[in-house]
Amino acid sequence: VSKECSRMDGVRNPSGVVMSKIKIFATTDELLNIFVDINNLDKATESRLFSLTNEQKTAVLAPGIFLQNVRNPATVVRSRIENVLHGRGAMEKMGGPPPPV
């Protein structure tokens with residue numbers, strides 16, 4: 001990954017570039033560990049994340065791996081998990097249209 005990201009002069013979002021490269025090489029569980037660490041999630045939320053299927057984990061991570069401008073990252077992640085478990089997108093609001101069949 002470091003070789004891939006060695007030349008980033010003029011890049012507007014270096015952390016986004018690094019994360020996109022990491023996503024190429026990391027497994028879903030490795031990405032989940034990064035997600036847990038950088039967002040300082042509690043053990044209960046971490047356990048809930050790791051109990052999901054790989055497809056569900058990927059859906060929870062899809063909106064982004066670093067939670068910004070949130071008061072309680074664990075609450076945001078639990079909301080993402082609930083949305084995914086109910087067939088919605090991780091960031092979809094409750095009461096929205098049902099998922100396509």
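Reader: What should I know before looking?
Author: Residues are numbered from 1 along each chain as its sequence is written, and side-chain values use heavy atoms, leaving out hydrogens and water. In this predicted model, local features need pLDDT of at least 70 and side-chain atom pairs count only at pLDDT 80 or more, while totals for chains, interfaces and linings use all residues.

Reader: Why is α3 called roughly parallel to α5?
Author: The axes of α3 (residues 43-50) and α5 (residues 73-85) cross at roughly 25 degrees and come within 10 Å. Angles under 35 degrees count as roughly parallel, so α3 is roughly parallel to α5. Axes here are lines fitted to C-alpha atoms, with angles from 0 to 180 degrees between N-to-C directions.

Reader: Which residues in α3 and α5 meet?
Author: Thr45, Arg48 and Leu49 in α3 meet Ala74, Val77, Arg78, Ile81, Glu82 and Leu85 in α5; contact means heavy atoms within 4.5 Å. Val77 is also in contact with Phe35, Leu41 and Leu67, among others beyond four places in sequence.

Reader: What makes a nonpolar core, and how many residues has the largest?
Author: Such a core joins buried Ala, Val, Leu, Ile, Met, Phe, Trp, Tyr and Cys residues through side-chain atoms within 4.5 Å. The largest has 19 residues, and Val77 is one of those with the most contacts inside it.

Reader: Is Gln68 buried or exposed?
Author: Buried means under 20% relative accessible area, exposed over 50% and partly exposed in between, with a 1.4 Å probe and protein chains only. Gln68 has 52%, so Gln68 is exposed. Gln68 lies in the loop between α4 and α5.

Key. Helix = DSSP H or I, 4+ residues; strand = E, 2+ residues; numbered from the N terminus. Parallel < 35°, antiparallel > 145°, perpendicular 65-115°, else oblique.
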